[in-house]
Each structure stands twice: as C-alpha cells, then as structure tokens.
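Here is a short briefing on one protein chain.

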Amino acid sequence: MAKIAICPGSFDPLTNGHMDIIQRGSKIFDEIIVAVFINSSKKTLFSVEERIHLIKEATKHLPNVKVDASEGLLIDYARKKNVQVILRGLRAVSDFEYEMQITSMNRKLEEKIETFFMMTNNQYSFLSSSIVKEVATYHADVSDLVPPVVAEALKQKFNN
C-alpha cells in the first residue's frame, strides 16, 4: 500500500519554507497531497485558485506531489483521500505548542492517522507567509524567500 501524506496549510503565499518541507517529504512518502485549506474567517491575498496554480507551478518538478483544496476538518479530508500521515513543518519551539494541540485533537478524532513533524531548514526558520506579504507590500525583493512563480505573482499583486 502506498504511503500517502497530506501537507495542509493556507499557503498564502507558498514560501521556500513550505517548499523545503514538501520537497523533503516527497523523498519519504510515495505521494504528497499539498492541500490548500479554505478558512472563510481568514482574509487572503491570493484566491484559492491562484494558490493552487502557484503551488502546482512550484512543485511541477516533483512527480509524486499533487495539489488540492478543501474546507472543513483536516481529518475528514484525510479520511476521504485515504491518507495515513499528516506532514507538518516546524520552524521553532513556538510552533510546537500550537501543533501539539492540533495533533492531539486530530489523534482523538482519528487515531489511525499519524502526524509527522519535520523541522524546516534553519535558513527558513524565521519565514512565514505573513512576513513575506508584509515585506512584499513595500515592494522589497522576496525572490530568495519564495519560489520564482510566487515572487512574480506577488509583484503583480502589489504593483496594481
């Protein structure tokens, strides 16, 4: 049976920190589903369709990575997709407490699905989508923080 992992997030926008986790995860699991989760209470810069497109472009060199979108509970989506593992990236100790709460709840809802934590590369430990958006708002160069397709999309968003 293929080991399928889901890498969930809002990815608004996809960063090199996300890419680090996705690329490394793609070497461990047979298939990675990068799932853009829709949170109606969150104001996003990119639409769901735009985020899916950007992730597909940035990961097209990874044949075992698929991109999808969902709303609702991650566990319900994972069951529907027959996923055995939730892949989560950790940047710092501060991420761990939040992730532990989510993992504990997911485990309560479905004990057959494991959570796999992967520490991001140190060079991305400070990086978040929020920081990238903030810096890009001021037309600063973010090309070393995000994949090229995302850097271009950010330029388009903030030059209009």
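The largest nonpolar core holds 34 residues. Leu14, Ile32, Leu87, Val146 and Leu154 have the most contacts inside it. The model is a predicted one.

**Nonpolar cores**
- A second core is separate and has 12 residues, among them Ile33, Phe37, Ala78 and Val83.
- In soluble globular proteins, nonpolar side chains tend to be buried together.
- Leu154 touches Pro13, Leu45, Phe46, Val132, Ala136, Val142 and Val146, leaving out residues up to four places away in sequence.

**Annotated domain**
- An unreviewed UniProt entry carries the annotation "domain: Cytidyltransferase-like" for residues 6-134.

**Tyr124**
- Tyr124 sits in the loop between β5 (114-119) and α5.
- Its relative accessibility is 15%, so Tyr124 counts as buried, the cut-off being under 20%.
- Beyond its neighbours within four places in sequence, Tyr124 is in contact with Asn16, Gly17, Asp20 and Arg91.
- The side chains of Tyr124 and Gln123 make a polar contact at 3.3 Å.
- Tyr124 and Ala136 are 12 residues apart along the chain, and 17 Å separates their C-alpha atoms.

**Helix α5**
- Ser129, Val132 and Ala136 are buried in α5.
- These residues lie on the same side of α5, because they cover an arc of only 60° around the axis.
- The buried residues of α5 pack against α1 and α6.
- His139 follows α5 and has a positive phi, near 60°.

**Salt bridges**
- The count of salt bridges is 9.
- One of them joins Arg24 to Asp20, with the closest N and O atoms 2.8 Å apart.
- Both Arg24 and Asp20 belong to helix α1, 4 residues apart, about one turn of the helix.
- Arg24 is partly exposed, at 30% relative accessible area, whereas Asp20 is buried, at 9%.
- Arg79 forms a salt bridge with Glu110, and their closest N and O atoms are 2.9 Å apart.
- Arg79 is in helix α3 (residues 74-80) and Glu110 in the loop between α4 (93-109) and β5, so this pair ties together parts 31 residues apart in sequence.
- Arg79 is partly exposed, with a relative accessible area of 40%, while Glu110 is buried, with 16%.
- A network of salt bridges links Asp76, Arg79 and Glu110.
- Glu99 and Arg88 meet through their side chains in a salt bridge of 2.6 Å, N to O.
- Glu99 lies in helix α4 and Arg88 in strand β4, so the pair ties together parts that are 11 residues apart in sequence.
- Glu99 counts as buried at 5% relative accessibility, and Arg88 is buried with a relative accessible area of 18%.

Methods
Residues numbered from 1 in each chain as written. Predicted model: local features only at pLDDT ≥ 70, side-chain atom pairs only at ≥ 80, totals over all residues. Heavy atoms only, no water. Core = buried A, V, L, I, M, F, W, Y, C linked by side-chain atoms within 4.5 Å. Buried < 20%, exposed > 50% of the residue type's maximum accessible area, 1.4 Å probe, protein only. Contact = heavy atoms within 4.5 Å. UniProt positions renumbered as here; feature names shortened; annotations may be inferred. Helix = DSSP H or I, 4+ residues; strand = E, 2+ residues; numbered from the N terminus. Polar contact = N/O pair within 3.5 Å; in protein donor to acceptor, adjacent residues only side chain to side chain. Arc of directions from axis to C-beta. Salt bridge = Lys/Arg side-chain N within 4 Å of Asp/Glu carboxyl O.
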